[in-house]
Amino acid sequence: MKRILFIFLVLSILLGCHEGSLKQHLVEIDSIAFKEGDLKAHKLLNAIEPEMLISNEEDLAYYWLLKIRTEIRLQKEIKTIEPLEIPISYYKKHHDISKLARAYYYKGYVLNQNNELLEAVTSLKEAEALVKDKSSEIVLTEYVYSTLSHANYKGKEKRLAIEYGKKALKAAYAINRSYNIANVLMMLYVVYNDGEHIDSAQYYLNKCVPLVETLPENERYIFYANIGNALVDTNIENAEDYLEKSVALKPNVFAYKGLASVYYKRGEKAKALEMWRKALQTDNLYLKGEILQALYNSQREEGAYKEASETAMQIAELKDSIAQKEKEEDIRGLQEQFEQDQKRESERHLFYVVVSAICVFLLIAIATSVYLLYRNTKGKKKLAETIQHLEGYRQQLKVLEQEGKSDSKEVERLHQKIAELQVKQGALLQNGKDRYEEIEQGGTTLRWSRSDFDDCIEYYRTVDPSFVTHMEQDFRHLSSKYIFFVLMEHLGKTDEELQHMMAISQNTIRSYRSRINKAQITT
C-alpha cells in the first residue's frame with residue numbers, strides 16, 4: 001500500500017512538471033522531509049530531473065537547495081558544490097536572505113567535509129554574516145558556528161575553534177535539542193583535548209556522555225569513538241566497549257585508532273597493526289600524522305628499526321604536506337580579513353544612511369523655512385497694507401473734521417471702514433498682542449517659537465511703527481529674537497528683567513549687544 005502511495009506521489013509530481021511550475025511540489029517535498037524523513041524526500045527529489053526545471057530559475061534554485069540539504073542529512077558523499085552556485089546566484093539576486101544563508105552554509109559544510117578549508121570558511125563566514133544576531137535563524141546559526149568551529153580545528157586554529165564552539169553551544173542550548181548540544185559539547189572536548197587544557201576537555205566530555213544515549217542510533221558512532229579514545233588510558237575495558245559499539249554502528253578511522261591503542265596496550269601487536277592500517281585510510285592529514293607517530297613508537301619499541309625508519313620518512317613527508325597546506329590556507333587571516341571587510345561595509349552603509357538622513361532633514365528644513373518666510377512675508381505685507389489704509393482713513397477724517405463736516409455720511413463711512421480694519425488687524429495681531437502682554441505681566445519667552453517673536457514685533461509695529469521701521473532699515477539681517485531684545489531695551493527693561501524674560505545669562509546679554517552693534521549700518 002505504501003509503495004502504491006509513493007508511486008502515486010511521484011506520478012503527481014511528474015504530471016505537475018508538464019503543467020508548469022514545480023514550486024508547490026517542492027514545497028510539499030520540503031514539508032515531507034520534516035514530517036516523514038529525509039529518505040522519502042530524497043526519493044521524491046530523485047524522481048525529478050533537473051532538466052525539467054531549466055526554464056524556471058526559481059524552481060531550479062529551490063530544487064538544488066533541497067537536494068543538497070537532503071544528501072547532507074543522509075550523510076551521502078558530495079564531491080562537488082557546483083549545483084549550489086545556482087541557488088546562491090538566484091537568492092542573492094532576489095535578496096532572499098534566509099535561503100541564501102542556507103545555500104552558503106551547505107556549500108561551506110560540503111567543502112569542510114572535503115577538506116577544502118579556505119573555501120569552506122569563506123562560505124561559512126558569508127552565512128554567518130546573514131544570520132548573525134537573528135533569533136529567527138537560531139538553528140542555522142548553531143550549524144554555522146559548529147561547522148566554523150570544526151573547520152578551524154582542522155586548520156589548527158584552536159583559539160577560533162573554541163570561540164566558535166562556545167557560540168555554537170549557546171545557540172544549541174537556546175534550541176534545546178539533545179543532538180545539537182551533544183554535538184557541540186563533543187566538539188569542544190576534542191578541541192580542548194588536543195592541547196594542555198585537560199580539565200576543560202574532561203568538563204565538556206562529562207556533560208556530553210549522559211546525552212549520547214538520547215540520540216538516534218545512527219548518530220552515535222562518532223560519540224562512541226571519541227568517548228572510547230578518551231578512556232583508553234584510564235579504563236581500557238570501557239574504552240574497548242565504546243569503540244566496538246562505534247565500529248558496529250559505522251566503521252570509522254577514529255574508532256580504529258582507539259582500538260589500535262587498546263590492542264597495543266594489551267600486547268596484541270598484530271591486531272593493533274591491523275587497526276592502525278585501517279585508520280591510515282583517512283584523508284585527515286593531522287589524524288594520519290597521529291597514527292603514523294603511534295605506529296613509529298611501537299616499531300621502535302619492538303626493535304623494528306627498518307620499518308620505523310620508513311615510517312619516520314612518511315611522517316616527515318606528511319609534515320611537509322601539512323606545512324605547505326597551512327601556508328596556502330591562511331584560515332585565520334581569511335576570517336580576520338572577512339570581518340574587516342564586513343565592518344567597513346557596515347560603516348559605509350551607516351555613512352550613506354546618515355548622509356541620506358541629513359539630506360532629507362535639510363530638504364525638510366529648507367522647505368519649512370521657505371514656507372514660513374513666505375507666510376511671514378505675506379502676513380507682514382497684509383498687515384502693512386492694513387496699517388496704511390488705517391492711516392489713510394484717519395488722515396481723511398482729520399481733514400473732514402477741520403472742514404467742519406463731522407456729521408457727514410462720508411465721516412460715518414470712514415468710521416465704519418476703520419472699525420472693519422481694526423477687527424481685521426486684531427485677528428492678524430492677536431497672538432502678538434497676547435505674547436506682548438504676557439511679557440508685560442512678568443512672563444518669559446522660554447517656550448516661544450520663532451513665529452511668537454515675529455507676531456509680538458508685528459503687534460508692536462501698530463504701537464510704534466517708526467521704531468520697528470528703524471530696526472528693519474538701520475540694522476542688517478537681525479532675527480526677530482534680536483529685534484525683540486532691542487525692543488525690550490527700548491521699553492526700559494533692566495538686565496535682570498532681560499535675563500528673566502529671555503532665560504539667558506549676563507554673558508549672553510553682552511553677546512546679544514555685540515551682535516546688534518555689528519549689525520548696525522553706519523553712514
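Predicted model: local features only at pLDDT ≥ 70, side-chain atom pairs only at ≥ 80, totals over all residues.

Reader: Why is Glu213 called partly exposed?

Author: Its relative accessible area is 44%. Buried needs a value under 20% and exposed one over 50%, so Glu213 with its 44% counts as partly exposed. Glu213 is in the loop between α11 (198–212) and α12 (221–231).

Reader: What makes the link between the side chains of Glu213 and Tyr224 a polar contact?

Author: The distance is 3.0 Å, and the cut-off for a pair of N or O atoms is 3.5 Å. Leaving aside neighbours within four places in sequence, Glu213 is in contact with Arg220, Tyr224 and Lys245.

Reader: How do you know that Cys208 is buried?

Author: Buried means under 20%, and Cys208 has 0% relative accessibility, so the label applies. Cys456 is also at 0%, so Cys456 counts as buried too.

Reader: How many disulfides does the structure hold?

Author: It holds 0. A pair of cysteine sulfur atoms would have to lie within 2.5 Å to be listed.

Reader: Why are α4 and α5 called oblique to each other?

Author: The axes of α4 (residues 57–73) and α5 (residues 85–93) come within 8 Å and cross at roughly 125°. Roughly perpendicular stops at 115 degrees and roughly antiparallel starts over 145, so α4 and α5 end up oblique. The contact involves several residues, including Trp64 of α4 and Tyr90 of α5.

How values were computed:
Residues numbered from 1 in each chain as written. Heavy atoms only, no water. Helix = DSSP H or I, 4+ residues; strand = E, 2+ residues; numbered from the N terminus. Buried < 20%, exposed > 50% of the residue type's maximum accessible area, 1.4 Å probe, protein only. Contact = heavy atoms within 4.5 Å. Polar contact = N/O pair within 3.5 Å; in protein donor to acceptor, adjacent residues only side chain to side chain. Axes fitted to C-alpha atoms, helices over the stretch in contact; angles between N-to-C directions. Parallel < 35°, antiparallel > 145°, perpendicular 65-115°, else oblique.
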